[in-house]
Amino acid sequence: MKSFTNTCTFLIMLVSLGICTPAVALPDDTKQPIKVKAKQSEYNNIKGVMTYSGQVEFQQGSIRLYADEVFIYLVDGSVTKMTANGKPAHFSQLLKAEDKQPLEAQGNYLEYNVNNGEILIDGDAKLNRTGNNMSGGKIRYNVKDGSGQANGGVEMTLQPDALGDQ
C-alpha cells in the first residue's frame, strides 16, 4: 500500500508541476533519417539488432542519444526500441514544436520504446522538463501522455511558474 500511495503522490505532484502534462513527441522524429557516430558497430540481421559502442552519438529528428553503448532494435526495418548504457547515458527530445527546451533524461541505463513513447531511466536517474527536475533511482516517463513514476529516493525541483499553469 505504501508503494501505491507513493506512486499516487508522485503522479499528483507531476501533474501539478507541469512535468506530467500530456505531451506528444514530434511525430516527424521517427520519419527522419538516423545518424549514428561510434567507434564500433555491429549488426545482427537475424535478431534485428544494431550495436554501437564507444562514444556513441545518435540523432533522429529532435531525438538525441549519447552513451558508451547503444542497441537499436528493428522490426521490418523500423526502429522499435533503443537501449543505452553509460556513466551516464543522455537522451533528449523536443516534445512539441513550440518547446524551447527538450525533455532531457540521463541515467546509467536508458530504454526508449518508440511505439508507446515510454522512457525508462535506471541508475542515478534524472529527468528535466522545462526547468522542472526530478531524480531518483529509477524513473519511468511516457512522452505521449505525460504519465510517469519514480522510486529510490525521489527528489524534485519545481519552477514557480509550473504551479500557475493549472
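A: Let us start with Tyr-43, which lies in strand β2 (residues 40–44). Strands (E, at least two residues) and helices (H or I, at least four) are DSSP runs, numbered from the N terminus. This is a predicted model, in which local features need pLDDT of at least 70 and side-chain atom pairs count only at pLDDT 80 or more, while totals for chains, interfaces and linings use all residues. Residues are numbered from 1 along each chain as its sequence is written, and side-chain values use heavy atoms, with hydrogens and water left out.

Q: Is Tyr-43 buried, exposed or partly exposed?
A: Tyr-43 counts as partly exposed, at 44% relative accessibility. Buried means under 20% relative accessible area, exposed means over 50%, and partly exposed lies in between (1.4 Å probe, protein chains only).

Q: Which residues is Tyr-43 in contact with?
A: Apart from neighbours within four places in sequence, Tyr-43 is in contact with Gly-48, Val-49, Met-50 and Leu-74. Contact here means heavy atoms within 4.5 Å. The side chains of Tyr-43 and Asn-45 are also joined by a polar contact of 3.1 Å. A polar contact is a pair of N or O atoms within 3.5 Å; within protein, one must be able to donate a hydrogen and the other to accept it, and residues adjacent in sequence count only if both atoms are side-chain atoms.

Q: And how far is Tyr-43 from Ile-72?
A: The C-alpha atoms of Tyr-43 and Ile-72 are 9.4 Å apart in space, and the two residues are 29 apart in sequence.

Q: Zooming out, how many helices and strands does the protein chain have?
A: The protein chain has two helices and 10 strands. Read from the N terminus, the order is α-β-β-β-β-β-β-β-β-β-β-α.

Q: What share of the chain is buried?
A: Of the 166 residues in the protein chain, 39% are buried.

Q: Now the core: which residues touch the most other members?
A: Ile-72 and Phe-91 do, in the largest nonpolar core, which has 31 residues. A nonpolar core is a set of buried Ala, Val, Leu, Ile, Met, Phe, Trp, Tyr and Cys residues joined through side-chain atoms within 4.5 Å. Two or more residues of this core come from each of β3 (49–60), β4 (63–75), β5, β6, β7 (118–129) and β8 (132–142). Strand β4 gives the largest share, six residues.

Q: Why would such residues be found together?
A: In soluble globular proteins, nonpolar side chains tend to be buried together.

Q: What does Phe-91 touch?
A: Not counting residues up to four places away in sequence, Phe-91 touches Ile-63, Arg-64, Leu-65, Leu-103, Glu-104, Ala-105, Leu-110, Tyr-112 and Ile-119. Phe-91 counts as buried because its relative accessibility is 3%.

Q: How many aromatic pairs are there?
A: The structure holds one aromatic pair. The rings belong to Phe-91 and Tyr-112, and the pair is tilted because the planes are at 45°, with the centres 5.0 Å apart. Rings of Phe, Tyr and Trp (its six-membered ring) pair if their centres lie within 6.5 Å; planes under 30 degrees apart count as stacked, over 60 as edge-to-face and the rest as tilted. Phe-91 lies in strand β5 (residues 78–93) and Tyr-112 in strand β6 (residues 103–113), so the pair ties together parts that are 21 residues apart in sequence. Tyr-112 counts as buried too, at 5% relative accessibility.

Q: Which charged end sits over a ring?
A: The charged end of Lys-81 sits over the ring of Tyr-73, 4.8 Å from the ring centre. A charge sits over a ring if NZ of Lys or CZ of Arg is within 6 Å of the ring centre and within 35 degrees of the ring normal.

Q: Changing topic, which peptide bond is cis?
A: The bond from Lys-87 to Pro-88 is cis, with omega near 0°. Pro-88 is found in strand β5.

Q: What is phi of Gln-55?
A: Phi of Gln-55 is near 50°, a positive value in a residue other than glycine. Gln-55 is found in strand β3 and is exposed, with a relative accessible area of 57%.

Q: Finally, what does the side chain of Gln-60 reach?
A: The side chain of Gln-60 reaches the backbone oxygen of Gln-32 at 3.0 Å. Gln-60 is in strand β3 and is buried, with a relative accessible area of 7%.
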